[in-house]
Amino acid sequence: MGYVLSGLLIVVILIAAGLFVFTWMTVRKVQFGLPPEGRFVTVMGNRIHYIEQGSGPETLLLIHGLSGVSQHFSYKVLGELAKDYRVVAIDRPGSGYSERAARSSASLVVQADVVAGVIDALQLGKPMLVGHSLGGALSLATALRHPNKVRGLTLIAPLTHMPAAGPSKAFAALGIRQSWLRQLVAWTLMVPMTMRYREKVLDIVFGPETVPADYAIRGGGALGLRPSHFIAASRDLLALDGVVPELQQRYADLQVPVRILYGRGDRILDPREQGQGMVDRFPDKVELELIEGGHMLPLTQPEVTTDFIRRGMRALPPA
C-alpha cells in the first residue's frame, strides 16, 4: 500500500512539474510576443505601466476592468482620443505589466490612492477618468477620495454596486481565497484551463458581440495567461466585498458629473442594476446612455465609445 501511495505521489509531482514548465514556457512566449508598449512610473511601491499619447491642456486617464489590460483602450480608443487630448491608459496594480507592491492591498481604496499618485507623478492636472467595468468602480473611488484631482467621470459598463446575483460565472476561477492555493493553481492548472474554456468564457465576456479576431495580440488578451495576472485579478475580485458597499453609501458626496454608457445585452453586469440604479438615486448628477451591445465596448465598439467620451469631455464645465 505504501509503495502505491508513494507511486501516486511521484506521479502527481511529475504532473505538477510538467504543468509548471508548460506555464513558464507559455509566459515566456507571451511576454516575448507582447512586450510593454509604454513606460513605467513607481507610485506607493507599485511599478505602474502606462501608455501615453497626444498632448494639450485637457487630459484623460483610462482605467481598465477586472482581468483587463491597458491594451483594451490602446486597441483603438486611446489613439483616436489622442488626436484631441493628452491621454494616458494605465495597467492597474498587478494587471498587465504593472507590478503590485508585495504587501499592498488590492482594495479599491488603495488602488484609488495609486491612481491619484499617477495623476501627480505624470502631472495630469485634473483629468477626466474613463473607467471600464471594475475600472468604473475604481474611478468612482478615486473621485470620492481625491475630488480635487478629478474633473469628471465617463464610465463604460461600470461596476457601481455589488451584483445581487454575485460575480459573473466567467470569473468563477478567480474566487480562490487561500493565497497558497491561488499560487498553485496559477502556476499549474490556470493556463490549460484557460485554453480549454476560452471560447465559453469569451462568449460571456464579449457576447452578444463577436470577439475581435486580433484580441489576443492587439487587444492584449494573451497577457491574461500569465500567473501574475491571474493572481492579481483574483485578489481584485475578492477585495470588492467590503469596499463597494461602502462606496455606494458615499455616492451622494460625488462632486463631479458622471456619464455612463452601457450595452443592453451586457452579460457580465446588469445595466439596470449598475447603470439605471445610479440614475434613479442621483438623477441630477448621473446620465445614462444605453446602446445595443455587450460588456467589452472599448474593443467591440471603439468608435461609439470614443464618441461617448468626447461628448463627455465637451459637456464638462470649464476647468
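The structure is a predicted model, in which local features need pLDDT of at least 70, side-chain atom pairs count only at pLDDT 80 or more, and totals for chains, interfaces and linings use all residues. Residues are numbered from 1 along each chain as its sequence is written, and side-chain values use heavy atoms, with hydrogens and water left out.

**View 1. The whole protein chain.** The protein chain has 12 helices and 8 strands; these are DSSP runs, of at least four residues for helices (H or I) and at least two for strands (E), numbered from the N terminus. Its C-alpha atoms fill a box of roughly 75 × 40 × 40 Å along the principal axes. Of the 319 residues, 54% are buried, where buried means under 20% relative accessible area (1.4 Å probe, protein chains only).

**View 2. The strands paired with E4.** Two strands pair if DSSP finds at least two bridges between them. Strand E2 (residues 46–53) runs antiparallel to E4 and is joined to it by 4 bridges; Gln53 stands opposite Val87. Strand E3 (residues 59–63) pairs with E4 in the parallel sense over 5 bridges, and Thr59 has Arg86 as its bridge partner.

Notes:
Buried < 20%, exposed > 50% of the residue type's maximum accessible area, 1.4 Å probe, protein only.
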